[in-house]
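Please look at the sequence and the structure below, and keep both in view while you read the paragraphs that follow.

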Amino acid sequence: MIYFDHCASTPPYEEVISTLAEVMRKHYANPSSLHGEGAEAAKLIERSRALIASQLGTGSGRWLFTSGGTEANNLALKGAARQYRGRGDHIIASSIEHASVHDALKQLEKEGFRVTYLPVNAAGHVAVDDVKAALTKDTILVTVMHVNNEIGTIQPIQEIGGLLRSYPQTLFHVDAVQSIGKVPIYPERWGIDLVSGSAHKLRGPKGLGWLYVRDGVQLVPLASGGSQEGGFRAGTENVPAIVAGAKALRMSMERMEERGRNMRRLGEKLRAFIRTRPELRLNGGEPLAPHIVHFSYPGMKPEVIVHALEQHGIMASTKSACSSKDNKPSRVLLALGADPAHASGGIRVSFGDEHDESHIDRLINALTSVIEKLKPLERSSKF
Amino acid sequence: MIYDQIVLRYGDLLMKGRNRNQFEKKMQQQIKNALRPYPGVSFWKSYGRLYVKLNGQPHEPIVDRLKDLFGLQSLSPVISAESELESIRAAAMSLMTSLKQPPKTFKVSVKRAWKGFPHQSQEMNHLVGAHILRAFPDLSVDVRNPEVELRVDIQEEATYLFCEMIPAAGGFPFGSNGKAMLLLSGGIDSPVAGWMALRKGLELEAVHFHSYPFTSEQAKEKVIELTKRLSYYSGAPIKLHLVPFTDIQTSLAQQGQDNLIITLMRRAMLRITEGLALKNGALGIVTGESLGQVASQTLPSMNVIGRTTDLPLLKPLIMMDKAEIIAIAEKIGTYATSILPYEDCCTLFLPKSPSTNPNLHIVERIEAGHPNLTEMIETAIANTEQMILSPNKATTVQKAGEDSWF
């Protein structure tokens, strides 16, 4: 089996699995308890927090632990919007955000917030000038993802952060779930107020997300309950996952450059092949994250390709895992200006540390034979 | 990176006349200690100033570190140029170009300390100013209220150009005024008192009273953190004395004099601190008391409490308002730690109405009637633990769990 679905989830590091088990076994006490065992568990959380801060170069501010990237995004957006409603009711977002951002914004619209969805160009990038043009005196929040989870485009976060420095009333949230550990991100230096991340996307455990909250930013919590996480998030902390997740983050950050080079080479090889096939079309343009290649087979249902590849022992994906079960065309590809046939046919290949060129060769062979088999069944792209 | 040096200007120690040499030496030693994490820098001095050569390192972290050291009045990152017109003009140009916010108005202030330089100060103002104006058409000169003042300091060895005068912490260098003990409770006030004492050149040893199980381990850790923070300012490690106070406290609580218990406790604490001071060669006791703040800090209370020791009691916060103290605590980075919700041993056994006007005779009679108070105080001194703390000492958080987990 070749697992080409690292955007959906990743195989945890062996060391992360042992850390998870060891901490789970030894530190079961509740970190909020007053006794020594509780205090020790609380210290493990703080040590993890400090490690994350040092890996991502944040001196002040706070990294919160959540149940995952989805909760981190929800807490950032709903928490900030509800907290700063007195300042204004306008939010700006890109039109290619992950479902956990997009749907949270839809919910906020029902609460009376107005959201401007910024277009992207055909390559899949937001323009800084569009952000600037959309800003009003009522804009309290701008949210733009760093690396798109479907097509892998890198958005101009540093530039948007620079622009927003002159708008102190406007918070800047970045969904960095697909970028942390893959491409550099500097929350403080780039002027970002809120950054979401997820541990299982970088070989950590599931059930753990991170949310960076800049010093001075307040959020209305999503759930009521205890005063854990500085009052930002109620609920007993997931100590084993927190520690194991911090370890995974460190390990991923330490090998980021080398991994990036390797993945870029693999990506180029695969793209070169796709360009030779008239049936296939590459989606998204540079700058692209190193670990994602996304292409379409217009006129062919992507599920069919995914299943056909699986018969060759290859696991790939249609659009994002979080919305792969609905049959609608991809919201992201539509935003790029693709017609519905093209937008329905997205295949995402995302690599990890375990891959080398031989895996790409096997994928290329599999794709070649899948296309041969499916070609007679192509439907007209006008339907 | 355009700056190549940082110039440091001394503060109060300039007034020290004949002792000046000694003070300068202390200052330089302190700066060298503080900049140990930056092995690339080098130092040299001229009259009344010290220079840090950056040798290619960024100036920001070094400036941030130095501005918190005591004994310095101000500092400026500078560009040095050859003391010759064209070099000075070129350096002025690169300095003005490097400004993050391009100013609308500026002025040039030339100081010609080296009288051998061919152009006089006034003339140089024009020679440099006009050169800048030609390159920045939107810029104009405002001699009264310029956005940027470009200072040019012409010395024989080099000319230094700078725009920033960063105020430093002032005061005297660490240890230039002897040693005292600091009563450190973990609250807001005592760390601020410690910082102010350090600022006046006192070397400090901190004394903390713990009363397990009436106080928690976290309360002690809080004090450790605060001591580490203070040692960042002193630029030298600080010794922390942890005094076991449970026995004395429970015994005093059983004297049946609820409203005097704070007075009795404070007196016992001062006696213990005096004992520790004698053992450690300290000549005073610094406390975070502020007049009228709590029952034990009224003048009658301080009268009765203070009589227990012959050592000078130094109370830097005595006439300050709480809001002023909090402002300093926030500035020096102790506030967030101080407000962590762990009991210290003064807030325990707090009676409903502590006396604001204790009677000295009654207090002395209770103490005299106590079967073994003197021995208990000696035992507490003998059982006091010491820790040497510096800012980079690993915290219990940094040591939590096993290293292999992280």
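In chain B, strand β10 (residues 179-183) and strand β13 (residues 285-286) pair in the parallel sense over 2 bridges, where strands count as paired if DSSP finds at least two bridges between them, and where helices (H or I, at least four residues) and strands (E, at least two) are DSSP runs numbered from the N terminus. Within this pair, B:L182 has B:V286 of β13(B) as its bridge partner. Strands of a sheet pair through backbone hydrogen bonds, either parallel or antiparallel.

This is a predicted model, in which local features need pLDDT of at least 70, side-chain atom pairs count only at pLDDT 80 or more, and totals for chains, interfaces and linings use all residues. Residues are numbered from 1 along each chain as its sequence is written, while chains are lettered from A and ligands numbered from 1 in the order in which they are written. For chain B the mean pLDDT, the predictor's confidence in each residue from 0 to 100, is 91, and 97% of its residues reach 70 or more.

The pair of β10 and β13 belongs to an open sheet of chain B, in which 6 strands follow the order β14-β13-β10-β11-β12-β15 with mixed pairing. Strands β14 (313-314) and β15 (385-389) of chain B stand at the edges with a single partner strand each, so one side of each has no neighbour in the sheet. Helix α6 (residues 217-234) of chain B packs on this sheet and touches β11 (203-210), β12 (238-244) and β15 of chain B, two residues being in contact if their C-beta atoms, placed from the backbone, lie within 7 Å. The direction of this helix makes about 160 degrees with that of β12(B), with axes fitted as lines to C-alpha atoms, for helices over the stretch in contact, and angles running from 0 to 180 degrees between N-to-C directions.

Chain A also holds an open sheet, with 7 strands in the order β2-β8-β7-β6-β5-β3-β4 and mixed pairing. Its edge strands, β2 (62-66) and β4 (114-118) of chain A, each pair on one side only. Inside the sheet, strand β3 (residues 90-94) and strand β5 (residues 139-143) of chain A pair in the parallel sense over 4 bridges, and A:T139 in β5(A) is the bridge partner of A:H90. Helix α6 (residues 157-164) of chain A packs on the sheet, touching β5 and β6 of chain A, and its direction makes about 170 degrees with that of β6(A).

Finally, the two chains meet: 9 residues of chain B are in contact with 16 residues of chain A.
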